[in-house]
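User: I would like to go through a few local features of this protein. Could we take them one at a time?
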Amino acid sequence: MRRTDRIADPWGTRTPYGPGEDWPTRVDSYLADGLTEDDVDRWVQSATILHSNGDGLDIAVKDDRIVGVRGRAVDRVNHGRLGPKDLYGWQANNSPDRLTKPLIRRDGELVETDWDTAMEAVVGRAKQLLDEQGPSAISFYTTGQLFLEEYYTLGLIAHGGIGTNHVDGNTRLCTATAAAALKESFASDGQPGSYTDIDHADVIALYGHNMAETQTVLWSRILDRLAGPTPPAVVCIDPRETPVARAATVHLAPRPGTNLMLMNALLHEIIANDWVDAGYVEAHAVGYEELVNRVQNYPPEVAAEVCDVPAERIREAARVIGTAERLLSSVLQGFYQSHQSTAAAVQVNNIHIVRGMLGKPGCGILQMNGQPTAQNTREAGADGDLPAFRNWSNDEHVKDLARVWNVDPMDIPHYSPPTHAMQMFRYAEEGSIRFMWVQATNPAVSLPELGRIRDVLAQDRLFLVVQDIFLSETAQLADVVLPAATWGEKTGTFTNVDRTVHLSEKAVEPPGEAKPDLEIFIDFAHRLGLKDKDGQPLVKWSTPEEAFEGWKDCTRGRPCDYTGLSYDKLRGGSGIQWPCNEEHPDGTERIYVDGQFWAAPGYCENYGRDLVTGAPLSPTEYKAMNPGGKAVLKAAEYVPPHELPSQDFPFQLITGRTLYHFHTRTKTARAPQLQKAAPEVWVEMSAGDAADRGFTEGDLLEISTPRGRVEAKLRISGIRPGVVFLPFHYGYWDAPEGREPAGKRGRAANELTLTDWDAASKQPIFKTAAAAVKRLEKADGPSPAPTTTGSRPVTEGVPPTTGGEAALATEELVSVSGGAR
């Protein structure tokens, strides 16, 4: 057993292993205040909630308080490992800042009230607007952090009860492109990959995915492969010198906004060199000729000029990918939050289809999620999609859902595509949406162009309800604030990127009068008087397990079939991958085995879109294109970003995560070790750009775009020239300003980003704003940026990021197979 500083060493001790071997088990744990496991009263089963990896863990409880966590050795996802946010983040549950009573606005101020008063205010305003304007006045903006049962109940209330089409989540900011790309290629959501593909792959390609910081345990798995015999080659596409880039066999650092150009060039080389499984393509895909014709115009020399990447480097990456025997690909925000995001992500799918690398060990695609329960918003109908991957433009699917809910099909809105979040805020700005209920998210910091968003949320005519655990920047603008229970204080299930379903059990009581989100939704439905066709309550359950059983019925026969799962089956062991049913009682590790897809016209979730314009295909067009339900090879031309650098704004601004924080730091800033590791916003710039301007490490800079200004200290890092980077976590709740900048300069990256989105997925663009920089003050010390991550300095004299005694966690190497440790 070892004790290690997991702030200084986020990925922990190496346990090397070889291809095809089991990943060795290492159990990580952290307990507060010098406690040992002997002091713990009980351990309660759960999984991680501060990133999307889905690591199984147990919550330590002493004297009815959470006092620590321990990885679950039996879990298929993490084999006992935990990342820094898992080890230390639970401390936010015990924060004295937790909301413990409902708040209501009186004379311009939020004051404490009781639940009856708060809920009657919410229900009263909803009824009034339904009478005056109808369902289109009502909107729900949810999160990627609730549980499956809560999303399903919310989707039922919104779609089946109120009848509004305005339902989306902050998953639009991180995951919408993952879903869209899968629907375009396979006509259905659902990840083809499994995390165990890392154990088998000989090439791992990461596209805009800084896995080392976003999914630390998954990156540990790759690090252990790299440290073992016959390691895989790694291809990294990222404009920053991240830990992934530093470990890569080939690193491509394209100019922001050129991902599709680069992908077209990679496909050009793969096809030109005949690294194509022609038999697989012939049997299992449509659209190959169109793809060939499209990418023939994108040789590496053309891409090299647009992307500013050497042509030979592009050819090298194409050779590594094109000659792989078992290729695993992973995609995240570097692609998703960029220009032409769906088109670029679809090309990753195209590579796997033309190479015949699907449904086999080591041959997975992980169109990653950014949040722990993002997959469930998509499955359960809380992001605008219909539940269980039903097709909103297929009348038979709507009828089937109406049967499950016992409502009239015409009561389920399906007259147009679901309203995406960016459009919902525009409708609120224009005044047609008059009621917005925000749950467990913080759009006043996380959405683009914050000055505009604050104005939208602060309108008198908008009735804003916020359901959260802290008084966030958004909650401070609300008419009613509902105190919610969170992870560890309620029971429910959630599903990670490789379709593993975990059960998270209640460990302790929520503070004060805080309630589980499910209980709040059900109370709302009953007070609003929502009924089914027979006059019975629309929501027929009162507990999480009853809601889960209702959800199972909704999934029967659909791709995400949960009918073989139960709370009892999920207790005590590992998470289980869907589909899990009579045919697959132990779950399903890989889908699309033998080239069988869920793409038949009558069954598929989606008919697809034009990747450049976003125009949806009609059922007739889809049936003509893909009558046999094969995979779809969809091509797209490259077009430049909408906002390009200029004389006044010569840099390209990109934003992203740091390893030590999650979202807008509402939880992670309340964990001392995480906050100490990354206490304040910073800005990254290349050494050449800094030298050209006479800047040095730690100078205080102003970063500006046409939309706003931010102050941040300079970190000179390995980022590509011409690009500046800001982490997006930092808002104002812990600053004197409270909810907005006190002066003309703020610290939230989204003061600067633009209101624009990808045509197909409607995901906002956070990575191609044109920006200017100027020095405000000379350095009085180094930037607060971590030295362990993508912000690692390239200059001397910056002290290393460490956690000290307070961050010592325990690692127990339970068993090791494969190479020596």
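User: To begin, where is the place of His79?
Analyst: In this predicted model, His79 sits in the loop between β5 (65-71) and α1 (84-89). Its phi is near 50 degrees, a positive value in a residue other than glycine.
User: Is His79 buried or exposed?
Analyst: His79 is buried, because its relative accessible area of 14% is under the 20% limit.
User: What about the phi of Asp594?
Analyst: Asp594 is not a glycine either, and its phi is positive, about 60 degrees. Most residues other than glycine have a negative phi. Asp594 lies in the loop between β21 and α24 and is exposed, with a relative accessible area of 61%.
User: Which peptide bond is cis?
Analyst: The bond from Trp578 to Pro579 is cis, with omega near -5 degrees. Pro579 is in the loop between β21 (576-577) and α24 (619-625).
User: Changing topic, which way do the residues of strand β18 point?
Analyst: In β18 (residues 480-483), Val480 and Leu482 point one way, Val481 and Pro483 the other, and all are buried.
User: How does β18 pair with β6 and with β17?
Analyst: Strand β6 (residues 103-106) runs antiparallel to β18, joined by 2 bridges, and Ile104 stands opposite Val480. Strand β17 (residues 463-468) pairs with β18 in the parallel sense over 4 bridges, where Asp468 has Pro483 as its bridge partner.
User: Finally, which residues form the negative surface patch?
Analyst: The patch is formed by Asp38, Asp39, Asp41 and Asp63. Asp41 lies in the loop between β2 (25-31) and β3 (42-47) and is partly exposed, at a relative accessible area of 46%.

Key: Residues are numbered from 1 along each chain as its sequence is written. This is a predicted model: local features need pLDDT of at least 70, side-chain atom pairs count only at pLDDT 80 or more; totals for chains, interfaces and linings use all residues. Side-chain values use heavy atoms; hydrogens and water are left out. Patches are made of residues with over 30% relative accessible area and no salt bridge: like charges are joined within 9 Å, nonpolar side chains (Val, Leu, Ile, Met, Phe, Trp, Tyr) within 5 Å. Accessible areas come from the Shrake-Rupley method with a 1.4 Å probe; for residues, only the protein chains shown count as cover. A salt bridge is a side-chain nitrogen of Lys or Arg within 4 Å of a carboxyl oxygen of Asp or Glu. Lys and Arg count as positive and Asp and Glu as negative; His and the chain ends are not counted. The place of a charge is taken as NZ of Lys, CZ of Arg, CG of Asp or CD of Glu. Buried means under 20% relative accessible area, exposed over 50%, partly exposed in between (1.4 Å probe, protein chains only). Two strands pair if DSSP finds at least two bridges between them.
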